[in-house]
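Open your viewer and get ready to select residues by number.

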Amino acid sequence: MSRPLVVIPTYNERENLAAIVGRVRTAVPDASVLVVDDASPDGTGVLADELAAADDAVQVLHRAGKAGLGAAYLAAFDWALGHGFDPIVQMDADGSHLPEQLPAMLAALAGVDPAGEPVDLVIGSRWVAGGSVENWPKRRQLLSRGGSAYARWVLRLPTRDATAGYRAFRADGLRRVRLDDVHTRGYGFQVDMLWHAREAGLTIAEVPVTFVERERGRSKMSVGIVVEAMLHVTGWGIASRFRRTSRTQPASNDGSATRRSRA
Ligand SMILES: Nc1nc2c(ncn2[C@@H]2O[C@H](COP(=O)(O)OP(=O)(O)O)[C@@H](O)[C@H]2O)c(=O)[nH]1
Ligand SMILES: [Mg+2]
């Protein structure tokens, strides 16, 4: 793990981009930055090119149009693995994820979990001891906590914060995830990725972070996006239980394998 890359997806983040890139470069000087811009109408992509021209450690992936956060990340992961970066970090452009907390996440990623397993994925978590949110209306906090709890329960996810967008992967771990099976392009992408990371057997750790709601620009979240994510989670939960049952049944005709898989 010697070539960290911080991936920052952008859609209309012109007011936020320069500050966040600068803060990343200061907080983790050996980290490169990849801005993934979906042809933002506000000119974020042009600004990203200017930042890249001024700093060799900054690069830009331009995409043809708004295709969702998930699509941007999947393209970025492909690029990052192909270019030999390790670890690979995901961070929002709007200042919600503090670059100053990245060293703690990278330290956790270099360590082992309580069972002595090397950590493959670190989640910057709002909902563990020491984590918090600032300037979030109660309604949005409830939505996030509720969404996390629901996804945890339905998909049996191992983390308190299942929707967090601040994450760091070891390249090795990310390579093991079946990215071709991750189909969610919108908000549910974070849950979809976490689920596939767990399915791939990645060791996952949570590090408390302070999530600060954006001051500038607009969130791309909407009620429709949340409802879509909830429906997806429910569908995956049902599908995975069905798959697990049918996968284990032929192994034994007394049903013991099925019971084991549910234990
Ligand atoms: N490239 C790209 N980035 C996106 C897209 N949608 C959102 N983003 C970025 O993803 C990050 C999180 O989005 P945001 O609107 O802040 O969501 P919220 O934090 O859940 O309210 C920000 O950096 C956005 O600019 C998209 O379709 N394409
Ligand atoms: Mg945001």
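**First stop: a helix**

Select helix H3, residues 69-82. Buried here are Gly70, Ala71, Ala72, Tyr73, Leu74, Ala76, Phe77, Trp79, Ala80 and Leu81. Keep in mind that this is a predicted model. H3 is mostly covered, with ten of its 14 residues buried. Buried means under 20% relative accessible area.

Now look along the helix. Residues three or four places apart in an α-helix point the same way, because each turn takes 3.6 residues. How far does H3 reach from its first C-alpha to its last? The span is 20 Å, close to the 20 Å expected at 1.5 Å a residue. Next, click on Gly84, which follows H3. The phi of Gly84 is positive, near 75°.

**Second stop: a strand**

Select strand E5, residues 121-125. Is E5 mostly covered or mostly uncovered? Five of its five residues are buried, so E5 counts as mostly covered. Show the side chains. Leu121, Ile123 and Ser125 point one way, while Val122 and Gly124 point the other way.

In E8, Ile204 stands opposite Leu121.

**Last stop: the wider view**

Select residues 6-176, which UniProt lists in an unreviewed entry as "domain: Glycosyltransferase 2-like". This span is 40% helix and 18% strand. Its end C-alpha atoms lie 19 Å apart.

Conventions:
Residues are numbered from 1 along each chain as its sequence is written. Chains are lettered from A and ligands numbered from 1 in the order in which they are written. This is a predicted model: local features need pLDDT of at least 70, side-chain atom pairs count only at pLDDT 80 or more; totals for chains, interfaces and linings use all residues. Side-chain values use heavy atoms; hydrogens and water are left out. UniProt positions are given in the numbering used here, feature names are shortened, and annotations may be inferred rather than shown by experiment. Helices (H or I, at least four residues) and strands (E, at least two) are DSSP runs, numbered from the N terminus. Buried means under 20% relative accessible area, exposed over 50%, partly exposed in between (1.4 Å probe, protein chains only). Two strands pair if DSSP finds at least two bridges between them. The expected span of a helix is 1.5 Å times one less than its number of residues.
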